[in-house]
Structures are given as structure tokens and as C-alpha cells.
Amino acid sequence: MQDEYRTVAGAGVHETEVNRSRFLCALAPAATEQEAQDFIATVRKEHADASHNCWAYVIGADASVQKASDDGEPGGTAGVPMLQMLLRRDMRYVVAVVTRYYGGVKLGAGGLIRAYGGAVGEALDTLGTRTRRRFRLATVTVDHQRAGKLENDLRTTGHEVRGVRYEEAVTIDIALPDADVDTFRSWLADATAGTAGFEPGGEAYGDA
């Protein structure tokens, strides 16, 4: 698994103009290929009167799924430069649709490549991105007497608390970088006089 990747902060649209043609770049996070395709379909429906709705998406922290479409523009002048821009920026789990309204001036292959790739780059800059980092999920078990203080200590020291369950004992779900597991074990033993249990689990991505 990748240690970290970047994705868009949220869905949004950014418009640019090149030689009287309007380029609207719609960006959105997409957890699956189906989500990406659904977003593309929504944008195509919204801009059914546009000259072209070109798209690209990258799914998977390791960019295992990469697809793009020129939607009628000359081959390789739209979808591919859009995809290349997403990859150059280390973007993952993201879909981009660039809608073009033709303004009467032909841009040529080089102009189209710059316009479509540039539309995605400008949209990323304007709409913002966020970094997601790989974390180790873990469970801490502690008695009720120490639970409140421990939860507070976890939060104030910057550890990500994902959930708290009060049963016979109190279970606190946390996420921490793999490299911090041993250090955390020592900290936990000191904080609870060795009374807390620690159970490492699987892996997940969270905001860095």
C-alpha cells in the first residue's frame, strides 16, 4: 500500500477561457470506478449542449485504475493530458470532467493538450487538495476509571480517536502511523500504569 496520496478537498467547478472557447473543469472525489462514471454521466447530462465532455479518472491509492476519454476531440489531445495532470499531481480517487463550449477558433493539437491539461491543473489549484496518509488501526482497552483521562490525553496529544465504546471495559478505537506503534505502546503503558490493553488491527487511510 502507498504511504500517502492526494485527492480533491471536495467537488467543484472551475472555468477558464482559451481563444473564446470555454473550458469548465468539474472535479470530484470518487471512491470507486462506479462513482467516477456516475459523476461523468451527471456532468454530461448537465452540459448535453456542450461541444465536448472529456474526462479522466484515477482510482486506487496505487493508481491501479486509470481511464480517460477525448469525447470526440482529436485522439490524445484531451483525456490523456487530463489524466497526465492528475498523475503528475499525485492525485488518487478523483474524477475530472472538462466541458468545452467551442468559441469558433480552432486551437490545434498542441493548443488542445495545453487547454485540457491546464484546465485540470488550474481547477486543482483553485478548488484545493488534501493529503491522505496510511494509518494503522488499533484498539485500546482500559478500565472505566482511567477511560476519560486517557481519551482526553489521546486527543490532546494529536492521536486520532475513531470511536469509544463503554461496556465492561472501555474500548477506544484509534489510528496511528505504522512507524509510531512501538512509541505509542510505551506511551500507553506509562499513561495507564500498564493496565491498558493494545490490539493492532488493519490499515486505513485518513487525513494527514
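Does cysteine 54 count as buried or exposed? Select it and look: cysteine 54 has 0% relative accessibility, so it counts as buried. Keep in mind as you go that this is a predicted model.

**Stop 1: the cysteines**

How far is the sulfur of cysteine 25 from the closest cysteine sulfur? That closest sulfur sits in cysteine 54, 11 Å away, which is too far for a bond. A disulfide needs the two sulfur atoms within 2.5 Å. For the structure as a whole, the disulfide count is 0.

**Stop 2: the open sheet**

Now switch to a cartoon view and select the strands E2, E3, E6, E4 and E5. In that order, these 5 strands form an open sheet with antiparallel pairing. Which strands stand at the edges? They are E2 (12-18) and E5, each with a single partner strand, so one side of each has no neighbour in the sheet. Going from one strand to the next, the twist averages 15 degrees.

Zoom in on E4 and E5. Strand E4 covers residues 52-59 and strand E5 covers residues 65-69, and the two pair in the antiparallel sense over 5 bridges. Pick tryptophan 55 and you'll find serine 69 of E5 standing opposite. E4 and E5 make a hairpin, with 5 residues between them. Click on glycine 60 in that turn: its phi is positive, about 100 degrees.

Next, turn to E4 and E6. How many bridges join E4 to E6? There are 7, and these two strands run antiparallel.

**Stop 3**

H1 lies across strand E3 (21-29), E4, E5 and E6. At what angle to E4 does H1 run? The answer is about 165 degrees.

**Stop 4: alanine 50**

Find the loop between H1 and E4, where alanine 50 has its place. With 16% relative accessibility, alanine 50 counts as buried. Show what surrounds this residue: leaving aside residues up to four places away in sequence, alanine 50 touches Thr99, Arg100 and Tyr101. For a bit of scale, draw a line between the C-alpha atoms of alanine 50 and glutamine 84. The two residues are 34 residues apart along the chain, and those atoms are separated by 23 Å.

**Stop 5: aromatic rings**

Time to show the ring side chains. How many aromatic pairs does a search of the whole structure find? It finds 5. One of them is formed by tyrosine 5 and tyrosine 93: the pair is tilted, with 5.2 Å centre to centre and 55 degrees between the planes. This pair links distant parts of the chain, 88 residues apart. Tyrosine 5 belongs to strand E1 (residues 4-8), while tyrosine 93 is in the loop between helix H2 (79-88) and strand E6 (94-101). Colour the two by accessibility and compare: tyrosine 5 counts as buried at 8%, whereas tyrosine 93 is partly exposed at 23%.

Then select Phe184, Trp187 and Phe198, which form one aromatic cluster.

**Stop 6: another hairpin**

Move along to strand E8 (residues 160-166) and strand E9 (residues 170-176), which pair in the antiparallel sense over 6 bridges. What is the bridge partner of glutamate 160 in E9? Select alanine 175 and you have it. E8 and E9 form a hairpin with 3 residues between them.

**Stop 7: the annotated stretches**

Over residues 140-194 the chain is 44% helix and 31% strand, with the end C-alpha atoms 12 Å apart.

Definitions and conventions: Residues are numbered from 1 along each chain as its sequence is written. This is a predicted model: local features need pLDDT of at least 70, side-chain atom pairs count only at pLDDT 80 or more; totals for chains, interfaces and linings use all residues. Side-chain values use heavy atoms; hydrogens and water are left out. Buried means under 20% relative accessible area, exposed over 50%, partly exposed in between (1.4 Å probe, protein chains only). Rings of Phe, Tyr and Trp (its six-membered ring) pair if their centres lie within 6.5 Å; planes under 30 degrees apart count as stacked, over 60 as edge-to-face and the rest as tilted. Helices (H or I, at least four residues) and strands (E, at least two) are DSSP runs, numbered from the N terminus. Two strands pair if DSSP finds at least two bridges between them. Axes are lines fitted to C-alpha atoms, for helices over the stretch in contact, and angles run from 0 to 180 degrees between N-to-C directions. Contact means heavy atoms within 4.5 Å.
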